[in-house]
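Keep the model open as you read.

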Amino acid sequence: MSSYSEDDAFEAASIPLSQRAMAARPMPYLDGLNPAQREAVEKLDGPVLMLAGAGTGKTKALTTRIAHLLVSGTAQPNEILAVTFTNKAAREMKNRVSKLMQMPLEGMPWLGTFHAIGVKLLRRHAEMVGLKSNFTILDTDDQIRLLKQLLAAANIDDKRWPARMLSGIIDNWKNRALTPENVPVADSSAFDGKAVDLYAQYQRRMLELNACDFGDLLLHIVTIFQKNPDVLAQYQRWFKYILVDEYQDTNVAQYMWLRLLAGGHKNICCVGDDDQSIYGWRGAEVGNILRFEKDFPGAHVVRLEQNYRSTEHILGAASGVIAANAGRLGKTLFTEAKGGEKVRLIGHWDGEEEARWIGEEAESMQMGTRGLDPMSLDDMAILVRASHQMRSFEDRFLTIGLPYRVIGGPRFYERMEIRDAMAYFRLAVSPTDDLAFERIVNTPKRGLGDKAQQKIQTMARSNGVSLLEGARLVVETKGIGGKGGAELAKLVDGLTRWAAMIRDPQTSHIEAAEIILDDSGYTTHWQNDKTPEAPGRLENLKELVKALEQFENLQGFLEHVSLIMDNESEAEEPKISIMTLHAAKGLEFPAVFLPGWEDGLFPSQRSMDESGLKGLEEERRLAYVGITRAEAICTISFAANRRVYGQWQSAMPSRFIDELPEDHVDVLTPPGLYGGGYGAAGMTGSTLHEEAASANVYNSPGWKRLQSRSGQRGMSQPAEAKNMTIDMTATSSFTAGDRIFHGKFGYGTVMGIEGDKLDIEFDKAGSKKVVAKFVVAADMADDVPF
DNA sequence: CCGAGATGTCGGTCG
DNA sequence: GACATCTCGG
């Protein structure tokens, strides 16, 4: 171990209490635990699987376990490996452990996200996979740009095979811990069979650039461990105790990583909930958690089943839905909180009405109606399936002036201006960062277009130097004339000065950053920009400079920033939160709205098309996650009509609604003012009505009233009604040879039918496959309000 | 090289 | 409907 002694992580514990003193200390933190939690905390040795249902005090058990390991003197802080998925979870764990220990917790170097710990390990052993320890971490943008270059070089049409898709495929392989050599033959048909080859090229190129992507942070470590048993053995010895949060979300690479490390002491404690596995599309394997007892023989399984979050009705509704899934490990959640409100269910005519209703409901809850206490907007959340659903709420809340916050938009460090600025910093710190160079050569516009950039590329390549050096040579040889040439000379010159300035101890890194942004013309670029978002961008740049204060130098800043992508906004006035169901995992709110429960939207059609029953079950778990976010009031809603990509579509209530146990649900009568709400689907006496009616199992008076209102719908949406009629005639009623009309492509003839898509030979636009509902019979074309 | 207009695309999301 | 990317004319 001596070879790593320069790193605090392997030095003696920094907790200033002697072990003996700690062992003698009372353990008051154990008192607040229920029997199951206590078992999970005290069973320290051997593999432990903690099955923790929603709201059962999982984090409490996990953090108490860490505290217990430390206080009992069983392990030193730096001998514990504790992994989470998000920075937020890592931060919270750190805070709660130090609270339990009643002291600041500095000495846990191995508590962090998979990626943060991966970086730490990889910096130590970079040379084993051909990197230098100061490698850079590419963000998604850089990755795509790199792949685009490779595709261009390989002469692959990036229309047919977009770089994004390749990046997805490579990510997938990396999630499964597959290096280019290991990719199964069956997987390699994409990209004209060149996908694996491109993957290999990509990896080679990254080594040349001394860079790696997020997937590599895990993949490289697995490779290192597999090829160097001695290195692995060191870590196996060192990490006496391993804890893993959200185990159901681990992918194959993470799983292998964990199994390798746990191979020594075998003291691994995984916490998870198979019912909350919602990241299958990102490579997570529910199988990991289902298989735990097989992987770790003699594993001790603890179930946390007492829920401290929600009322019995909310819990009952959630349990009813999730019960429809097969292959669960099975938990029976219970609560001592009896009574409370039933889950409320309401249908609406369309998405706008749904937004209107939720807005009013939020306001009245804020005032405190129905005998309930007034509630802060901070305590309410709207959880949607897909982010495009957010817009109708934002629109509505802006009109009525209801304060809201959207969680999970583009994060601070993903914004364009921040990335540009960072690229300038990167290039000033390491002049060989070609990707950074490409990003900023012509930002702001310097008159250096494709041609000029190609010249620089050629120059760099033929001399075997970095792009910046290449640019210097181009300038010296006057390879580019005119304005572009002069601007390039200025840029090269500037970078030389900035690099010197950063090394100069006289100039603080904060000043240096400001000078770089000003000198390069980047600040001016946004000052001259007249678009409405320009002031905000300048503001962000200021914030970026401010963030530098927490670091000693630019290098240190760049080092950390690639892994810390979240921006905590300071608490302002109370606001209702809008976010996706995915983003809501791990959060809780007294009141939760779950809009858009319609088949096709939720469960998402795409998910079911791609993954069949598995996809449906994941959607169901998403429903479970949604309902269990609510503490006291949970409101589920759906709309009969919704505008999707500018087209009106009608839908049936989600099948998950049928799965809600009747005893726990209250069907609300629509407010009436807007006339009829959901029942309006029956306006033309079409089959839609019967289908919709049979799609639910409710017979409550409220529900029947809801149904009987059909036909009373107001006159507010004539266009939609028209479109709906057209939609319904359009679905599947075509045969080959029919003349049709399409809003965009004009007239054409149906050549064939594939599922819901039509193969159409358009008179002007050629042959295309089009979803049937966007097409009408040619003789009805006049009725179409396109 | 640039900007305007046309065209194509559209899940969820953590590092 | 919104946004990124492409095409074309200046």
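Start with helix H14 (residues 312-322) and helix H27 (residues 605-628), which pack with their axes 9 Å apart and at an angle of about 175°. This is a predicted model, so take the geometry as computed from a prediction. Anything over 145 degrees counts as roughly antiparallel, and H14 and H27 are therefore roughly antiparallel to each other. Who does the touching? On the H14 side you'll find Ile-314, Ala-317, Ala-318, Val-321 and Ile-322, and they meet Arg-620, Arg-621, Ala-623, Tyr-624, Ile-627 and Thr-628 in H27. Sorted by class, the contact of H14 with H27 comes to eight nonpolar, one polar and two charged residues.

Now for another helix pair. Helix H6 (residues 140-153) and helix H7 (residues 163-175) have axes that come within 9 Å and cross at roughly 110°. That angle makes H6 roughly perpendicular to H7. H6 brings Gln-143, Ile-144, Leu-147, Lys-148 and Leu-151 to the contact, while H7 brings Ala-163, Arg-164, Leu-166, Ser-167, Ile-170 and Asp-171.

Next, the nonpolar cores. The largest one has 73 residues, and Phe-191, Phe-225 and Trp-257 are the members that touch the most others. This core takes at least three residues from each of domain 1 (17-123 + 218-304) and domain 2 (136-209). Zoom in on Phe-191: setting aside neighbours within four places in sequence, Phe-191 is in contact with Leu-151, Ile-156, Trp-161, Pro-162, Met-165, Leu-166, Ile-169 and Leu-198.

Finally, zoom out. The domain assignment of chain A lists domain 1 (17-123 + 218-304), domain 2 (136-209), domain 3 (343-403 + 583-663), domain 4 (414-561) and domain 5 (729-783). Between the centres of domain 1 and domain 4, taken over C-alpha atoms, there are 42 Å. Chain A as a whole has 31 helices and 21 strands, and 53% of its 786 residues count as buried. How many of the contacts in chain A between residues at least 6 apart in sequence join residues at least 24 apart? The figure is 75%.

Notes:
Residues are numbered from 1 along each chain as its sequence is written. Chains are lettered from A and ligands numbered from 1 in the order in which they are written. This is a predicted model: local features need pLDDT of at least 70, side-chain atom pairs count only at pLDDT 80 or more; totals for chains, interfaces and linings use all residues. Side-chain values use heavy atoms; hydrogens and water are left out. A nonpolar core is a set of buried Ala, Val, Leu, Ile, Met, Phe, Trp, Tyr and Cys residues joined through side-chain atoms within 4.5 Å. Buried means under 20% relative accessible area, exposed over 50%, partly exposed in between (1.4 Å probe, protein chains only). Domain bounds come from an automatic or database domain assignment. Contact means heavy atoms within 4.5 Å. Axes are lines fitted to C-alpha atoms, for helices over the stretch in contact, and angles run from 0 to 180 degrees between N-to-C directions. Helices (H or I, at least four residues) and strands (E, at least two) are DSSP runs, numbered from the N terminus. Angles under 35 degrees count as roughly parallel, over 145 as roughly antiparallel, 65 to 115 as roughly perpendicular and the rest as oblique. Ala, Val, Leu, Ile, Met, Phe, Trp, Tyr, Cys and Pro count as nonpolar, Asp, Glu, Lys and Arg as charged, and the others, Gly among them, as polar.
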